[in-house]
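I keep this notebook for anyone meeting the structure for the first time.

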Amino acid sequence: MQEKGKLNNNTLVTTIMSNLGLNKFAKENNLILKQTQVGDRYVLEEMLKNGYNLGGEQSGHIIMLDYNPTGDGILTSLMLIQILLEKNVSFSELCDIINIYPQILLNAKVNNNKKRDYQTDIDIQKMIKDLENEFLNEGRVVIRPSGTEPLIRVMIEGEDQEYIAKKAKKMVEVIEQRLK
C-alpha cells in the first residue's frame, strides 16, 4: 500500500504487542507506526479517529478500512496473494523482509485488586528498567494487566529466546511474590 501511495498518512496502526521487528522495519522504510492498547477495537478506534486505513494485531486481526471495518481473514489472504503475484515472490521471500524477534509471553497470577500495582511497585519497576537498559533497543518488556482475569501478562522480546525466557520467568516470580 505504501509503494502504491494507498497507505493513508503513511501510517500503520498496531498494538503494543506487535513485534520489535515490525517496529524496526517501519522505521527503516519511513512508515509511521501508531501503537494502541491490546485489542482490535483499539486499533479500529485509532484508525477511525485519525483517518488511517491499515492496522491490526499480531494475532492476525488485520483491518483494511478501504474494504471492511473489521478484521477479515479471507480479505487479508486475498490481499497477500495479490502482493505475491504482483511482486512475483514466494511467501517465504516476502517474510524475509522483516526480522521477527522471539517473544515470550507468560502470566503472573496476582490478587485481582493488585493487578495494576506493578506500575508503582519499586522492585518490579526496577526490574523492568534494568532489563530495558540491558536490551538497548534490541529487546522490549511489555507488562500489562489482563482485562478479564487476575493476571499480569509479561511479554519479553529479544534476540536470544532462552535468555528472554529466563528473564520472563524471573519477572513472573517477582510479580507473583509482590502482588499476592
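**Ground rules.** I take helices (H or I, at least four residues) and strands (E, at least two) as DSSP runs, numbered from the N terminus. The model is a predicted one, so I note that local features need pLDDT of at least 70 and side-chain atom pairs count only at pLDDT 80 or more, while totals for chains, interfaces and linings use all residues. Residues are numbered from 1 along each chain as its sequence is written, and side-chain values use heavy atoms, with hydrogens and water left out.

**Entry: two asparagines.** I looked up N30 and found it in the loop between α1 (20-28) and β2. N30 has a positive phi of about 55°, although it is not a glycine. Is N30 buried or exposed? My scale calls a residue buried under 20% relative accessible area, exposed over 50%, and partly exposed in between (1.4 Å probe, protein chains only). With a relative accessible area of 61%, N30 is exposed.

N88 sits in the loop between α3 and α4 (91-95). I read a positive phi of about 55° here too, and N88 is not a glycine. N88 has a relative accessible area of 70%, so I wrote it down as exposed.

**Entry: helix α2.** I went through residues 40-50, which form α2, and noted V43, E46 and M47 as buried. The buried residues of α2 fall within an arc of 100° seen down its axis, so they line one face of the helix. That arc is taken from the directions from the helix axis to the C-beta atoms. A reminder to myself: an α-helix has 3.6 residues a turn, so residues three or four places apart point the same way.

On the face of α2 turned away from the buried side, I found the exposed residues R41, E45, L48 and K49. What lies over the buried residues of α2? I found that the cover includes β1 (11-15), β2 (32-36), β3 (54-56) and β4 (62-64). Just after α2 comes G51, with a positive phi of about 75°.

**Entry: salt bridges.** How many salt bridges does a search of the whole structure find? It finds 8, each a side-chain nitrogen of Lys or Arg within 4 Å of a carboxyl oxygen of Asp or Glu.

I began with K87 and E3, whose closest N and O atoms are 2.8 Å apart. This pair links distant parts of the chain: K87 is in helix α3 (residues 73-87) and E3 in the segment before β1, 84 residues apart. K87 is partly exposed at 40% relative accessibility, while E3 is exposed at 67%.

Next came D130 and K126, a salt bridge with closest N and O atoms 2.7 Å apart. They are 4 residues apart in helix α5 (residues 122-135), which means about one helical turn separates them. I noted D130 as partly exposed, at 38% relative accessibility.

Then I checked E157 and R140, whose side chains meet in a salt bridge at 2.6 Å, N to O. E157 belongs to strand β7 (residues 151-158) and R140 to strand β6 (residues 139-145), so this pair ties together parts 17 residues apart in sequence. Both E157 and R140 are buried. I also wrote down a network: D121, D123 and R178 are joined by salt bridges that share partners.

**Entry: S18.** I found S18 in the loop between β1 and α1. S18 is buried, at 4% relative accessibility. Which residues does S18 contact, leaving aside its neighbours within four places in sequence? My list reads N23, Q35, Q58, Q103, R140 and E157.

**Entry: α5 against α6.** I looked at how α5 packs with helix α6 (residues 161-178): the angle is about 165° and the axes are 10 Å apart. That makes α5 roughly antiparallel to α6. The axes are lines fitted to C-alpha atoms, for helices over the stretch in contact, with angles from 0 to 180 degrees between N-to-C directions. Angles under 35 degrees count as roughly parallel, over 145 as roughly antiparallel, 65 to 115 as roughly perpendicular and the rest as oblique.

Among the α5 residues in this meeting are I124, M127 and L131, and the α6 side includes I164, M171 and V174.

**Last entry: L80.** L80 is in helix α3 and is partly exposed, at 30% relative accessibility. Not counting residues up to four places away in sequence, L80 touches F91 and L94.

Methods
Contact means heavy atoms within 4.5 Å.
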